[in-house]
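Here are some short notes for a first look at this entry. Please keep the structure open while reading.

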Amino acid sequence: MQLKLHNTLTKQTEGFTPLDPDGKSVTFYSCGPTVYDFAHIGNFRAFLNADVLRRTLELLGYKINQVMNITDVGHMTDDTVADGGGEDKMKVAASRLAEAKKSGKLPKNASVDPSDPMAVAEFYAAAFLEDSAALGMRIVDDAKNNPSLMPRPTQYIKEMIAMVETLIENDHAYVASDGVVYFSVQSFDAYGALSGNTIETLRSGEGGRVDMETQAVKRSPADFMLWKPDATHLMRWPSPWGEGYPGWHLECSVMANSLLGNEIDLHSGGEDNIFPHHECEIAQSRCATGCDTFSRYWFHTRFLLVDGTKMSKSKGNFYTLRDLLEKGATPAAVRLELIKTHYRSNANFTMQGLKDSQRQIDRWRRLKDWLTDHKDVAANPNGPLATAKKQFITSLCEDLNVAGAIGALNEAVNAYAIETSPEGNGSSTLQEELEALLDMDQVLGVFDLETEGGSGDLDVSKIDALIEARLTARDEKEWGRADEIRDELLKMGVAIKDGSDGTTWSIIVQ
Ligand code: AMP
Ligand code: ZN
């Protein structure tokens, strides 16, 4: 069966075929995290959907050569146009850690020196790897045997400088009067093809601040930085253009090229990566290699929302995996909750959804245990799970319809609840059914994850009942009682908000 995948570049859903002449192996570059804080579950929605894509291709028989960067260079916080504005992210991370150390709130087992930027980056990188492993991201297993598959840009500075030199030689980049090296977007006709932006519509500072001085030295307002000489930057390296640091788009072009080649099959990221990051990556890569294509398919996950707005570090409305585990969630439930909504729709994160995901996994696990105990029992061939597996794969092949795939699996699970006696005519055994279930989990990836939650116990029905009781008290104008209930919820670590859509709640993250 062939996977059909929506390609952001062509805006079409296309049959997937890899470049490999044998049609067997796939090159896949996934934009990874910037390690200046713990990754939040919004970030993990993007990473886990890339993992589901990878696992689906693996179930279809491909060998995946996946690379995910872990960005440790101190890029700037306000750097939408990559012209070096805002604060150094590693400085932000260091002061966050220093503050945590002062107030005695440094995360468990942390003994990191906040004044050493590499130590800060490595601290958050280790936390990212731990969370990613807990959530079953297969790239982490690969990287255990071959760490270069999760490369750090600080190890690729030489290659970045070489790519900038090539771009200058090819007249795709120039040194401006302020000494900064910029990519010239006008030198590349296809600039804007991925995002739909045209050079005319692009305004510098879109979504960020406008630095008039920087604009004055660029050939076009949309030109983006490749190298910035800056002798005061926290992390800096010598270069032909002076001591400084690379532009934040450069690293992915360079690492994709160094580790996977000039032309790759797949490239993933969150929807905010489409522009400017991936648009700029295409420009740099194609102009440096001379190839007509950089990545053949582009895969972008829509945002995870909380209360209808994007979960993001800058808004402070985010949960990390650690926050949720402390409240009693299991990594398996978090994984399922983050992959069950189609990747091209926004997903809204709720505690109720998390609880439902847990219930779902518990049912699958009970069936798996039962089948394991009864695997030698005679059964008809092509039982409910073996049949469901075909529909499961068909759904995934329709642009990763995970909800459809889960629906097919659940139909089979329901059949087991109804068919109390699974014995058949003896030409097969329940082993075949067990194997079908385990094959489906190759993509869902929940059976191997931690089954136990943390110490906390988030009782959603109790919270719902308390919110209901508070609303009744308010209707009856028993304000004192309503306040008491609010305080009780606060003690449970639950904050409530009254709005036009009723009362919503969230867990309080210290
Ligand atoms: P960052 O560490 O900020 O570079 O983000 C890492 C990845 O997470 C990027 O691919 C982003 O597009 C993605 N991302 C950030 N916020 C969200 C969100 N709320 N939902 C889904 N993906 C996100
Ligand atoms: Zn990237």
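Which of the 17 residues around ligand 1 come nearest?

1. **The shell of ligand 1.** Gly42, Asp272, Asn273, Leu304 and Met311 come nearest, out of 17 residues around ligand 1. Bear in mind that this is a predicted model. Helix H1 (41–59) gives the most to this shell, with four residues.

2. **Backbone contacts to ligand 1.** Thr34 has a backbone N or O atom 3.2 Å from an oxygen atom of the ligand. For Gly270, a backbone N or O atom lies 3.1 Å from an oxygen atom of ligand 1. Gly42 places a polar backbone atom 3.0 Å from a nitrogen atom of ligand 1. On its own, ligand 1 has 490 Å² of accessible area, and the protein covers 89% of that.

3. **The zinc site.** Which residues coordinate the zinc ion (ligand 2)? The donors are Cys31 (SG), Cys252 (SG) and His277 (NE2), at 2.1 to 2.2 Å. Their spacing in sequence is C-x220-C-x24-H. The cysteine pair links distant parts of the chain, 221 residues apart. Cys31 sits in the loop between strand S3 (25–30) and H1, while Cys252 belongs to helix H7 (residues 250–260). Are these two cysteines buried or exposed? Both Cys31 and Cys252 are buried.

4. **Strand S3 and its neighbours.** S3 is mostly covered, with five of its six residues buried. S3 runs parallel to strand S4 (residues 63–68), and six bridges join the two. In that pairing, Thr27 has Asn65 of S4 as its bridge partner. From S3 the chain passes through H1 to S4, a β-α-β crossover that is right-handed. S3 also runs parallel to strand S9 (residues 264–270), through three bridges. There, Ser30 stands opposite Ser268.

5. **A three-stranded sheet.** Which order do the strands take in this open sheet? The order is S12-S11-S13, and the pairing is mixed. Strand S12 (309–310) and strand S13 (347–348) are the edge strands, each pairing on one side only. Strand S11 (residues 304–306) runs parallel to S13, with two bridges between them. Leu305 has Asn348 in S13 as its bridge partner.

6. **Where to look again.** The loop between S3 and H1 holds Cys31, one of the zinc donors.

Technical notes:
Residues numbered from 1 in each chain as written. Chains lettered and ligands numbered in written order. Predicted model: local features only at pLDDT ≥ 70, side-chain atom pairs only at ≥ 80, totals over all residues. Heavy atoms only, no water. Donors = N, O, S within 2.8 Å, 3.2 Å for Na, K, Ca; no water. Buried < 20%, exposed > 50% of the residue type's maximum accessible area, 1.4 Å probe, protein only. Pairing = 2+ DSSP bridges. Right-handed = clockwise from strand over helix to strand, strands pointing away. Near = heavy atom within 4 Å. Polar contact = N/O pair within 3.5 Å; in protein donor to acceptor, adjacent residues only side chain to side chain. Areas by Shrake-Rupley, 256 points an atom, 1.4 Å probe, with all protein chains shown as cover.
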